[in-house]
Structure formats: C-alpha cells, structure tokens
Amino acid sequence: MQAPEQEAVTSAEEQEKWLADAMALVQHHAFYMHRALDANNIRDVLKFSAQMLSELRTSKLSPQKYYELYMRTFDELRQLEVFFREESKRGRTNADIYELVQHAGNILPRLYLLCTVGSVYIKSKEAPAKDVLKDLVEMSRGVQHPIRGLFLRSYLSQISRDKLPDVGSPYEGEGGNVMDAVEFVLQNFTEMNKLWVRMQHQGPVRDKEKREKERSELRDLVGKNLHVLSQLEGVDLEMYRDLVLPRVLEQVVNCKDELAQYYLMDCIIQVFPDDFHLQTLETLLGACPQLQPTVDIKTVMSQLMERLSKYAAASPDVLYEFQQVDAFSKFSQSVVEVIEAQPDMPLVGAVSLHVSLLTFVLRVYVDRLDYVDLVLGACVKKLEGKGKVKDSKATKQLVALLSAPLEKYKDVVVVLKLSNYARVMEHLDYETNKVMAVVLIQSVLSNSTMITVDEEDFQEEQNLVARLVHMLVNDDPEQMFQILTTARKHFAQGGPRRLQYTLPPLVFEALKLVRSLQAQDLPEEGEGSGSVSLKKVFQFLHQTVEALAMIPAAELSLRLYLQCAEAAGDCGLEPVAYEFFTQAFVLYEEEISDSKAQVTALQLIIGTLQRTRVFGVENRDTLTHKATGYSAKLLKKPDQCRAVYACSHLFWVEDGGTTDGERVLLCLKRALRIANAAQQMSSATRGTSGPMTLFVEILNKYLYYFEKGTMIQSTVIQGLLELIVTDMQSESTTHDPEVDAFLASTVRYIQFQKQKGDSIAERYASIQVQ
Amino acid sequence: MRGVVNSGAAERTRAPSQQQQQRLTRSIHTFFPLSPRTTVVSSLSAAEEERPDLASTSLPPAFEIRLCAAGVVLFNFLIGAFGPPCTVSIDFADAETRKQASVKKENGQTVLVPLFLGQESVVGEVRIDPVPGKKVEHTGVKIELLGQIELYFDRGSFYDFTSLVRELDVPGEILERKTYPFEFSTVEMQYESYNGVNVRLRYVLKVTISRSYATNIVEYKDFWVRNFSPLPEINNSIKMEVGIEDCLHIEFEYSKSKYHLKDVIIGKIYFLLVRIKIKHMELEIRRRESTGSGPNTYNESETLAKYEIMDGAPVRGESIPIRLFLSPYDLTPTYRNINNKFSVKYYLNLVLVDEEDRRYFKQQEITMYRVE
C-alpha cells in the first residue's frame, strides 16, 4: 500500500506506469460510485468514493504525477458534492452526512469526504460556516505526509474559497465574521507551509536537489492562501497590519527555510495592495534581516521597491504618503540591517541592494538629491576598507549605481554635486573608472547640460570634470593618446566657458604622456600613422592650447604654452619649444594688456626661458632680447625695475648654460637706473621718495652675482649699500619697517658671509658694514 | 482483522535482529509505560496464549453447532416419519409492537429477535396444534423461562442462572388446538444477552410436553435482553505521557474513560519528541472476552475497529486530533464477571507504525455502557 519513501523517487517511466495504474483504479471505483449515485445508495456511494480516494494514499508518485491524479479525483468529487446536496434535500440532514463520512477507516479518504460534505453543509447554512471551517482545518492535521497533506489542504482551500464568512458574503453573520475567515485561511496557510517545508526532509539526501525542484513546483499551493487572504473584502489595512501580516511573517520567519522564505516574501509583495505595503513597511522590512542568511533577500527587496515606485509613479497623489511613512529611511535602514544580517552576502549583493534603493529613490523622491547622496554614502560605508573593487559583477553594479542618477537627472552637474559620488568612484578600478568617466562625459554631452547655477558652483563642477580627466589612465600610450583625443573632441563641444576648465587637465595629462614617452625613449617620428609619437602629442598640445587661447583665455594659455615649451625643451625639441615660446610672446603682445597680468606673465616667461636650455645661441638671443625688451616697457617703474633685474638671470645659466657677466651687469645697472627714476618720480609727485625696497632688492641681486662670478666689484656693492643706508636715514624717505627689516637681514647676511672664512669670505672682506 | 495483528506479531518473532535486541535491553531500563520491546513481548505472549484457544475452542463449537443442527433435522424427519403429533408455537402478547434486536448468528446471518428489558414481564401464549387425526397424550405441559450461559470450551455446557416454570396443563390428552396463556411478571434478567467467541448468554422460553412412553416434545423461543445503565457519576479523561527514551515521546488524551455505545471518542495526540519515521497512526477498539476462572481462564481478543488517525510522519509539537464515532461498530457494554463465568472488556489501542513496519502501541481500557 505505502511504498517506503526511498522508492518514491523513480524513473519517469515507472512514474508514468504508476500514474496510469492509479488512474485506472480511480476510474474503476468512480464507475461503481456513479452507479451508486444513480441509485441514491448513500452507503455504496461512501464506500466506493472512499475506495476511489484511497488511490490518493500512494507514496510512489512525484508531485507532478500526484497532481494529475488529484485533479482526476477532484472532478469526481464535484459530482459527489452534488449528490450530497441532493441527499440533504431528500431529508437526510447535513449533520448526519457529516458524521456518516467520518466512519471511513482511512484518514485521507475520510478527510476528502469530510471537506466535500463540509462544503455542502456550509452552503446549507444548517451550521455556522466558521464552525465547519474550523473543524475541517483542525481535522486535517491528521494528514502529516507532506504531499498528501498539501493536496488535501489545497482541496480544503479550494472548496472553502467561496464560503468564507467574509464581509458581504452570505455566510457572514451567524456563520461568523471576517476574523473567522482570516483565522481559517491563516491556519491552513501555516499548516501547508509547514508541510511544504518538511518536504525537503523526505527521502535520501542524495536526491535533495531534485526534491527541492519538485518542492518548488508545489509552491503555488501554499501561496494561494495568501492570494485568498488578499481577496477578502473584510481585510482592510488595519486588519492586515495588526493580524494578517504579523501572522504570515511569523510563519515565514519561523519556518527557517530558504526556498519558502524567498517565495513567500515575494508572494506577500505581489498579492497585497501597494498602499498596504506602504503603511506596513516597517513590519515587512523588519522581517527581512530575520530571514535565513542564504535567502536572496536583495531580489525580494528590489521587487518591493520596484512595486512601490511603480505605485508612486502611477498615482502621484500618494507621494505624500511616502513621505508620511518615511519610506526612504525605512528602506535604507533595512538595507543596512539586511547586509549586517547576512555576513556572507557577496559584495555584489550589497551593491545591487543599494542600486535598487537608489532606483527607488530616483523614482519616488525625484527632488531629494540628499537621499541619493545618502544611498551613495551608505554604499561607500559598505565599501570602506575594501579598496578597489575587484569582483567584476560588483563592479558592474557599481557602474549601475553611478549611472542611475545620471540617467535620471540627465545632468552631470546635479550628479557631481553629490558628495559621495566621487567617493564611490574611488572604489572602482582604473579600467572601470575610465568607463565611468566616459559615461559621465557622454552624459554631459548627450544631455547638453545647461549650466544655470552661479559661477562658483559652476567652477566647482567644472573642477570636478577636470578632476575626472585625471582619472583617464591607460598604460598604453597609444590608447591614452586616443582617450585624450576623444576627450578633447567631446570637450570641444562644451563651449568656451567649460573649455578653460576642461582643457588644462587634458594638457597636463598630455604632458604626462610626453614624459612617459620620453622615458620609453621613443623615436620622434611615429612609424606608421597609428602609433603615437612625441611629435603628435606636441601637435595635440599645440592645438589644445591654441583652442584655449581662442576662447580667449590668454593668461591661462600663456601658462600652458610655457609648460609645453619647457616640456619640449626637456625633450630636446628646439623648434617645438621655440614655437611654443613664440606663441606665448604673441599672446603677451596681443592679448595681455592688464599691467598686473603683464608682470605676472613676464615673470613666468622669464622663469621658463631661464630653465629652457635647448636653444641655440641665435634663438636664445632672440627670445631673451624680446623678454628684456618687454621688461623695460612695463608701465610701472617698480615693475620695470623688478622685471629687468629678473632678466639678468637669463644671461646667467649655470651648468652648461650661458654665463654672460657683462649683460648681467648691464641689466642690474639698468634696474638701478629705473629704481632711481622711480624714486625721483615719487618725490616729484608726493614730496617724499618711496621706500628703498627696490634698492635693497637690487642689492641682493648684486650680492648673488657677486658670489657667482667676478663681474661685480666689491666697491659697487659698497657704494650701493652706502647709498641705501644714507637714503634710509634721510627724512624725505618714507620709512617702512618691512624694508628696514629686509635691509637689516641683508646686512646680517653680509656679515655672516664675511665670517665664514672661505674664499667667499675673503671677497666679502673688502665690504664694510657698520 | 485478528489475522493481521497476529501475523505482524509472528513476523517479529521470526526475525529479531541484533539491533532490535539491543533496543530491547535499553528499553527495559526505561520508565516509560510504552516501549516497543516490552509491549511486543507482551503482545507476543498474548498471541501465543490466544492461539491454542483458537485451535481448541473455536473449532469444536462450530462443529457441534453444525452437528446439532443436523440432529434436529434428522429428529424432525424421524418424527415426520412416525407422524408429527402436533406443532407447538410460542407467541409474545405484544409481538406486533415489540422492538426487535438484530442479532448476528454464527453463520454470519443476522436475524431479528424480540427485545426485552431487564425487569419486563414476559407475556404470551403457547399454542399446540395436534396433527389432524392424531392426539397428543401427555403427562403435563410446562413453560420455562431460562437464562443460560453457554461456554464453548466446556463442551457446550449450560449454566442456568435463571429458571422460572409455569405449569400449563395437567396430564391428559390434547385432541384439538389448545392455547395456554402464560405470564412471567417482572422477571429479574440482570444480564444482557451476549453472543461472544467462546461464550453465549441467552434467554429462552422452553415449552415441554412431557410424555411417558415417547420422547418429550420441546419447543424453544429465543428472546433478547438488554439493560440500560445509569450515566456514570465519575467519568475522568484518560491522559498519559508515554514514550521510548530518546526516540518517541507522546502525550495522549481521550476525553472520557466511559463511553456509551453511540458515543464519540474525542481526543488528541501530542508529539513531544519524534526521532523515528512514523508512517501512520491508528486507533483500535479491541474487545477482550475472558471465560472461565483461575488457571482455566481463556482470553479472546478481537479488533473491532481500526481507525487511521494520522497519515505520514509528524514532527515535534504536532497535535493530532481524534474523533471516532462508535455507532458503526458492533459493541456491547462492558461485562464484568458475569455470574462468575465470563467478562467482556473494551480497550482503546493506540498504534504507531514506523517505516520499517515496527508497531508501537499503548492500550487503555475503556468502559462501555448502554443508555436509553
């Protein structure tokens, strides 16, 4: 009769055969049952129907085959139900029939019959529906075999569905109220779930996988109960919140079964209305961390968020409710708790949870950028200490996380405002970082982001973009160059306002490339069109800075030209360096008119020129001559003076450069003259001569060269020193404590040098200081 | 049904494995009332006791009965050959209205028999119809009301515990139909009629036409007696925790210990510990008929009902309901020491069967009684 459980798992052919046998027997018994039905012979009806139902006692069939058998008998039971109804019309009370069927010796047929009669009994209203239902669900405990129990209770659920004393149902009132209905369904649900969970322990361990698959096929039998609950008119929010949900979750949590928990959570989310979920978020989410650590809770939560965000999208007037229940903080809290509760959750799981949460926020709280940032922040927290994320799946999720706000806001500016955005990016490996940067840039370009924020913000944002450029890294110069070219192409479309932020980093990245190429000692000329060469990079640089100059952004361009010139010099490319200098000078002449800017520019030019040693005599002369010329033409005398003495350095380049003492001296003398003129101008216009600053500065220059070479006589220094000291003591001279201090320290320096006792000291010996 | 139980027991005797032996020793040390080994032993011994009973007692009565029946036919035939002198019939006064009991006879057929209660008067008439042209000479006609206990193992000997006589006629001749009214008023019939395996308790009216030179003419009329019991004053529930250490631990409860014949047994089984794979659980109603006394006591048990109350293996914490209607079963009240000849007792036997078809059971006596 009952095969040992071990034999329950058998080949498909055997299954087919057993099913066919059982079907034939059902048919056989059903035939006699029909005869008895026609003869109105209740004893025979019960006898043959019990025999027919005994076929369901088999342990041999797989759940699928058992289901077929069940459906076959189910059809027969419908006819039996009609018979019972007529029997009660013929004068036999339903209570009698209800007792009569319980005389059956075997429990399974007995309970199927009892449910069938129970259905008629309720319908007759001869007994309160609640009592019959309670009895049926209680008595069904006798079937503890998982599959048989599941199907029996499924049958009970099926026949009782339209007979629950729900609000508005004809069985409400004397038959009970919605509480009874809910209690009944909950109890049946609980028992079914227990049986379902227990199914996995039936039979040998080696078949566990197969069994789990079979078990999965039966899940809808359990889930149906939840569906019934959701269909009850009387289950309003209050009852759902206070009774239904806590009881269902209690069962879900307590069953401690991965498959069941995942399915049932999903089921709860799918069958109950959105506003219920919204109002019971805390309870629902509270269950999540209590689930088994292996449950794919992220999918469950994602689905919930997905549903709720659709709900929000469908009816904007519920957004208020979302705020009222503070859905966001509940979700984010829960995400944290779930991750804590599942220490084995792979990183990808944690990140994708954040992705879901972010998606939710983006859909529901469109204007809450702070929420977006919080989500990113939470993710950063999770990534803390993890360094660069190596897992490719997790990386993908991170990219999704970072892309989501871009897609939503279509405004990179908004996104880059998020303080945690960049912090998340820090966890991307270089390769992905690049991908992300491209995504960002594409977003900027495809959405033609319009900047409407104030200048300061704009700068900040552009600086972020600029920082992005530094993230573009590739070890292969070839590709790196491609990246830069592509970037420039895109930036070029950004308009002049942005270019001054976006191009400089490109220039510096290109310069970096230059250095790495130089280190690799590549030939100047690229072989073939594709490969990158120094020359190409410099061409790129030239074009880039030129583009910047066109904006116009003269000062910036000038600086960049100089940078390029220096780099070219380092590479030994004289013509290129010369060209960059030329461009710088042109800019100086044509574009820089502000005197202060001129001073700065000139200082830069001089500084750069001084360091650039690649030039031959002729080129160098041209350039230095030009620079000195500009110096003398500055507007303010002090500026002139300072520029001129600075020029002196152009003629004194140690370590293999030119050391032209004569022209140094010339410069210094000229500086002195200008200083003098400045002093006179001052006394002519203001009555007092200006401070002696310039003189002290020039004195320092003298001292510098005095130590370097022989073109300066100590007498000249002596003279200058005395001149300064005299003038400082003169009443007509404005006193400035800073200048006094400057002079004093200069004098101290001289004294110090005198006492050093080396060759320099000897030369200093002739200088007298008080 | 008895066969099923016995064969199960026999199987276990055939193959007592090493493991079973071990478990036996272990279970001896347990305090739990229910242990599969000890109970198996007791059930085994019971089975062994029963078997000789079956062989020695249950066959001969059947044989005798058949012999008796054959004898009566032969006797009637002989009478017929000599010519039946008369026909005798006994009728109850209220035969039309009196209730009848359906009684199962040895051959399995059920017959309807007039039903009396303990203190009723037995009233009716005896009619003697001589065969036309013949006369019946007699030395007296009498009617007796007998209460008899028949023990089959005792070669069908009768014990009359009640015997009442009414003289119907003085010696003489009966030439034509003659009717004699009779009345036994408020007869004390304290025992119920009973048809058991080894014993029968019956009430019968016996008319004897005594003849001096020929055999007496005797006619019997059976009737059935039932007595109602008052409702029991105390009717406690049966509640008990039983088990095998570290293996199975259950608590069962039957709502009452005394049940009337159409009662319902309500109860539940609560599983405290389950370490064995149970296949199913059933509740049996067993009847134990004890006949004789002292060393000559014979016990006969039969299973009247097997009622499956659980299918599949429960886990700890499950509570399984019991609801067993008694009306479908052919039960009698519990009879205790009837006239020092026999007893009939009823037991509820809770049986758990595991996947290796081992049976674990616990038997509890229940008292049956009859109500109006």
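## Interface and sheet

In this predicted model, Glu308(B) and Arg57(A) form a salt bridge, with the closest N and O atoms 3.4 Å apart. The rule finds 4 salt bridges across the interface of chain B and chain A. Residue pairs in polar contact between the two chains, both at pLDDT 80 or more, number 15. On the side of chain B that touches chain A, the elements giving two or more residues are strand 17 (278–291), strand 18 (298–311) and strand 19 (319–325) of chain B. Strand 18 of chain B supplies the largest share, 6 residues. By type, the residues of this side divide into 11 nonpolar, 4 polar and 8 charged.

The extent of the interface is tabulated below.

| Quantity, chain B and chain A | Value |
|---|---|
| Residues of chain B in contact with chain A | 23 residues |
| Residues of chain A in contact with chain B | 27 residues |
| Area buried between the chains | about 2,000 Å² |
| Share of that area from carbon and sulfur atoms | 44% |

In chain B, the residues that lose the most area to chain A are Glu308(B), Asp311(B) and Arg323(B), together 32% of what that side buries.

Strand 13 of chain B pairs with strand 14 (residues 248–254) of chain B over 7 bridges, in the antiparallel sense. Opposite Lys239(B) stands Glu253(B) in strand 14 of chain B.

How values were computed: Residues are numbered from 1 along each chain as its sequence is written. Chains are lettered from A and ligands numbered from 1 in the order in which they are written. This is a predicted model: local features need pLDDT of at least 70, side-chain atom pairs count only at pLDDT 80 or more; totals for chains, interfaces and linings use all residues. Side-chain values use heavy atoms; hydrogens and water are left out. Contact means heavy atoms within 4.5 Å. Buried area is the accessible area (1.4 Å probe) that two parts lose on being put together, summed over both. A salt bridge is a side-chain nitrogen of Lys or Arg within 4 Å of a carboxyl oxygen of Asp or Glu. A polar contact is a pair of N or O atoms within 3.5 Å; within protein, one must be able to donate a hydrogen and the other to accept it, and residues adjacent in sequence count only if both atoms are side-chain atoms. Helices (H or I, at least four residues) and strands (E, at least two) are DSSP runs, numbered from the N terminus. Ala, Val, Leu, Ile, Met, Phe, Trp, Tyr, Cys and Pro count as nonpolar, Asp, Glu, Lys and Arg as charged, and the others, Gly among them, as polar. Two strands pair if DSSP finds at least two bridges between them.
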